[in-house]
Amino acid sequence: MAASALLIAVLAMPAAASAFGPISSFGGQGEGAGHLSAPSDISIAPDGRSLIADYSNNRIDVFSPAGEFLFAFGAGVKPGGGDVCTAQSGCQGSSGGPGAGSIESPSDVAVDPATGRIFVDDYGNDRVDVYSGAGAFLYAFGRAVNSTDNSERCTEASGCRAGEGNGGTGDIHQSNGFAVTSQRVYVADGLSNRVDVFTPEGEFLYAFGKGIRSGGGNVCNALQTCVPGTGTAEAGGLYEPYDVAVGAEGNLFVSDRQNQRVDVFTPQGAFLYGFGKQVNFSDGSDVCDALSECQQGSSGSSAGSLGFPGAIAKDPAGNLDLVEWNNNRISEFTPTGAFVRAFGEGVVNGAEAFEICTAASGCVAGKSNALPGSIGNAYGVAVDCRSAVYAVEDGTGISRVERFGEPGTPTPATCTDPTPTPTPTGAPSAPGATPPAARLAIGKLKLNLGKGTGTLFVTVSGPGVVILKGPGLAKVSRRPAGAGTVALPLKPVGRAKRQLLALGRAKVKATVTFTLTGGTAASRSRTLTLRRKL
């Protein structure tokens, strides 16, 4: 029987809190039409439909913007035979399996905004399955999924099998979440401690994470040997990444479950910064980068803490909403890592009521029960184009989706996300967004006494442009692909060169400017002495 949307009165909140609260819910535990069994994540399609990854039923459930069940798909979900079921036909759980069109424990689902195709993160089969908007199986991709020729893409004609799941090049190993754009599929490869990047057609492009390239390196591609990442808490390290969200400027926000923080990368995989409670190794603050160094975040329940972050979603304003497993709440941050608020049952003072906490009010862990507004055992989150937040919850006797927003917030219908689809190469920050700050440090100077030249080493916080110039020095430009150390040659010209030839030494003033891609610029100057043997 179809499950209709249930309107819920907003529970009492502190006087200072906004009217934001639970406004509807849908679902129910079971395997029949409109029911859910251990739902793992949710996606809101451009037409406003809700798509649920129904983990234990081995299928995808599709609901209308108002929460009415439309259909589900997966091998054998229609009683009597068939891979698509409706309320009229009735539905049953799928037996799963690795064959073409089968889904084994789906962990996430998303819609390609350009084509309407539905992408399924097939956790149990270590692959990604692709369906039409009506639920017809099209193809799947992952390491050696083709039953006929052992290639990386399969169809019903070729036959499909589970991916290898060993962390090799192009392999997907138990992914819990992904992000899909019109040009890229970014897979949070949980057991390989990295993010794998594919085209929507299934071609593996590259992966990134700490130490994932055989022989050394944090980025590998299809022509190189990829290995599982090291699972470190260092800057750029990923330790069981759970989900990925794409920001308006194209940067990737990865919920780093075991490191209890969010790591931010360029679309090409260069680490920019991370945020979470006390993740900065240098000063214990809540934002870190390659210069300050990063550490595992604090796992408490105070404001801004991330108690094992799970699913992550971007809202129309560019902010990030994260599910916190250990804290039974959803926390919201700005793209630069500033804590905005958290919500759930009792998150301010433990009351049996929906509450919103901020840094000013203080936060505690939420409660887990069946009351409206309680976010217990939440596995998924999504935000629609009207800024309503959807929480996917699973617990004892509970399998539902709760929708949160301002009273009277309309369902999304056919409205679309106003932010543009990010491109793989990134783009300038959206108007009004706070661009990430460039960080620059000048390091050691290495002299070449035979030639009277030198090399100045500087450290930068991400990809961008580094320019060195100054009186008596030849101008130098470098384009680092990511955070790290850049070597800048010092070549004397003009008066400085004449002094070196005559006296064996010359003072020069070097000014180094680093402009972070999509971010701000930083400059540092230093007076240096070049030397030459006479």
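Predicted model: local features only at pLDDT ≥ 70, side-chain atom pairs only at ≥ 80, totals over all residues.

User: How many salt bridges turn up in the whole structure?

Analyst: The search finds 21 salt bridges. One of them joins D129 and R127, with the closest N and O atoms 2.7 Å apart.

User: Are D129 and R127 buried or exposed?

Analyst: Both D129 and R127 are buried. D263 and R261 also form a salt bridge, and there the closest N and O atoms are 2.7 Å apart. D263 is buried at 0% relative accessible area, and R261 counts as buried at 0% too.

User: OK, what about E164 and R143?

Analyst: Their side chains meet in a salt bridge, 3.7 Å from N to O. E164 is in the loop between β12 and β13, while R143 is in the loop between β11 and β12, so this pair ties together parts 21 residues apart in sequence. E164 is partly exposed, with a relative accessible area of 41%. R143 is partly exposed as well, at 29%.

User: Switching to rings: how many aromatic pairs are there?

Analyst: The whole-structure search gives 20 aromatic pairs. Take F141 and F198: the ring centres are 5.1 Å apart and the planes are at 45°, so that pair is tilted.

User: Where do F141 and F198 sit in the chain?

Analyst: F141 is in strand β11 and F198 is in strand β15, 57 residues apart, and the pair links distant parts of the chain. F141 is buried, with a relative accessible area of 0%. F198 counts as buried at 1%.

User: And how are the rings of W325 and Y379 arranged?

Analyst: Their centres are 5.7 Å apart with the planes at 55°, so this pair is tilted. W325 lies in the loop between β24 and β25 and Y379 in strand β28, which puts them 54 residues apart. W325 is partly exposed at 25% relative accessibility, and Y379 is partly exposed at 31%.

User: Which residues do ring pairs link into a cluster?

Analyst: That would be F20, F343, F354 and F404.

Note on methods. Residues numbered from 1 in each chain as written. Heavy atoms only, no water. Phe/Tyr/Trp six-rings, centres within 6.5 Å; stacked < 30°, edge-to-face > 60°. Helix = DSSP H or I, 4+ residues; strand = E, 2+ residues; numbered from the N terminus. Buried < 20%, exposed > 50% of the residue type's maximum accessible area, 1.4 Å probe, protein only. Salt bridge = Lys/Arg side-chain N within 4 Å of Asp/Glu carboxyl O.
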